[in-house]
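Let's take a friendly walk through this structure together. Have a look at the sequence and the 3D view, and then read on.

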Amino acid sequence: MYDVAVIGAGAAGMMAAAVAGQRGLKVVLLDHAERLAEKIRISGGGRCNFTNKGTTAANFISQNPHFCRSALAGYTANDFIQLVNQYGIGWHEKHRGQLFCNDSSESIIAMLRSECDKGRVAWRMPCAVHEVGQQASCFVLRTDAGTIRAHNLVVATGGLAIPKLGATDFALKLARQFGLKVVEPRPALVPLLFDAQQWQPFSTLSGVALEARVSTSSPVLGKPTAKPLLTQFDEDLLFTHKGLSGPAILQISSYWNPGQPIVLDLAPDANIERTLQETRQGNRQLLSSVLASIWPKRLAEQWLKNTPDLPKQIGDMRLADAPNAVLSSLARHIHEWSLVPSGTAGYRKAEVMRGGVDTRYLDQRSMEAKPVAGLYFVGEAVDVTGWLGGYNFQWAWSSAVACARAIKAKEFQ
Ligand SMILES: Cc1cc2nc3c(=O)[nH]c(=O)nc-3n(C[C@H](O)[C@H](O)[C@H](O)COP(=O)(O)OP(=O)(O)OC[C@H]3O[C@@H](n4cnc5c(N)ncnc54)[C@H](O)[C@@H]3O)c2cc1C
């Protein structure tokens, strides 16, 4: 009999198990994977973007945008940085508050493992959980390692992104089994795809990258009648064979809904119409060459040739000869290139799952299921999805600590 069984030994599960164990609770941690914490290992290109210094509730998407506040305040980015520092793990800030390991994400895995050891956490791994039931006041888990009984159950099995790394819908199924609702899951932080015919002229641009501003209007979550919300990100954009990727697209994909357009500003720091007008007099440069001075050459040529609603031969026009109406239209298209993606690259390529266990059914201070005492959901399984940039790990740490601090041993329940 354990005080706590934690299912899922990823970021949130190891953190929850370690903190609960260090509080003196008897903890068992189970995971069905062969290798420990694969997502931490591959995260941040192998260097784990383990938090973001600027984390606030505004960096998360949820039907209840306030739900994450309490947990984020209870265990902050600074708290995690302190832990990393205690282990002497070198780190650096890359971009907009994003903190990465200097060497390898393995050091974060080793740190969490060692924190679990300090809490005398018992491991069952690899070990599949086949059934979860309740008997009297405890949870009964039927597993590959036999029957495990625990007074509290923490579900930390993450989301559906990257099934080949062991992602499952375990948390969503278990939530439904215990009467909790689930916000429809879907891939997020994911490349966007376009209709093959529509994209064919741009597919040759695969590999081209540039800074862009990308925006989309989306319904306010949980308030379908409210005025749609405009969301925008200034980040790098990457052309791929089948569509668009890069940080700008991954960020906006979390807000994009099927059928909606995304709008790209391909020169966010410029006023193209004014620049063209100011440099126009006597300028015999081709428009494709003019654009090649701000964009990669390949993009300037292909984009001018293939953007609908622009004159077919616009790239071969000389700036001095281009009529005002053409320059205005060109500038408008550069600043407001509107495209309707046909879909996303799916969970195979997504970094996270949006949606998950409906936060209305969870206590925001403890992550405990309101209808089921002793049952907790933490990490990505919950309907709290972070932006790209270390926010998802911070949510994993914060939600796990909130839960682990709240769990009580049986005699105190
Ligand atoms: C390629 C990639 C790069 C990323 N980079 C970053 C980054 O740099 N920074 C950042 O903040 N976020 C990043 N993320 C997101 C981040 O990895 C996740 O949000 C985070 O790992 C979620 O933590 P979690 O503990 O909730 O779930 P996970 O870390 O996914 O852990 C879930 C665990 O549960 C186990 N499990 C699943 N189903 C079962 C089951 N049925 N039975 C038993 N065990 C089960 C899994 O094996 C896994 O070990 C990245 C994601 C990907 C895919």
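## Around the ligand

The ligand is surrounded by 30 residues, where a residue counts as near if one of its heavy atoms lies within 4 Å of the molecule. The closest are Ala12, Asp31, Thr168, Glu380 and Phe393. Keep in mind that this is a predicted model, in which local features need pLDDT of at least 70, side-chain atom pairs count only at pLDDT 80 or more, and totals for chains, interfaces and linings use all residues. Residues are numbered from 1 along each chain as its sequence is written, and side-chain values use heavy atoms, with hydrogens and water left out.

A backbone N or O atom of Ala12 is 2.8 Å from a ligand oxygen atom, and a polar backbone atom of Asn49 lies 2.9 Å from a ligand nitrogen atom. For Asn392, a backbone N or O atom is 3.4 Å from an oxygen atom of the ligand. On its own the ligand has 1,000 Å² of accessible area, and the protein covers 92% of that; such areas come from the Shrake-Rupley method with a 1.4 Å probe.

Which elements give two or more residues to the shell around the ligand? They are α1 (11–22), α2 (38–42) and α13. The largest share, three residues, comes from α13. Helices here are DSSP runs of H or I with at least four residues, numbered from the N terminus.

## A look at helix α13

Ser399 is part of helix α13, which spans residues 391–406. Is Ser399 buried or exposed? Ser399 counts as buried because its relative accessibility is 0%; buried means under 20% relative accessible area, with a 1.4 Å probe and protein chains only. Beyond its neighbours within four places in sequence, Ser399 is in contact (heavy atoms within 4.5 Å) with Ala71, Met367, Val378 and Gly379.

## Aromatic rings

The whole structure holds 17 aromatic pairs, meaning rings of Phe, Tyr and Trp (its six-membered ring) with centres within 6.5 Å. Phe80 and Trp397 form a stacked pair, 4.3 Å centre to centre with 5 degrees between the planes; stacked planes are under 30 degrees apart. Phe80 lies in helix α4 (residues 77–86) and Trp397 in helix α13, so this pair ties together parts that are 317 residues apart in sequence. Both Phe80 and Trp397 are buried.

Definitions and conventions
Buried < 20%, exposed > 50% of the residue type's maximum accessible area, 1.4 Å probe, protein only. Phe/Tyr/Trp six-rings, centres within 6.5 Å; stacked < 30°, edge-to-face > 60°. Polar contact = N/O pair within 3.5 Å; in protein donor to acceptor, adjacent residues only side chain to side chain.
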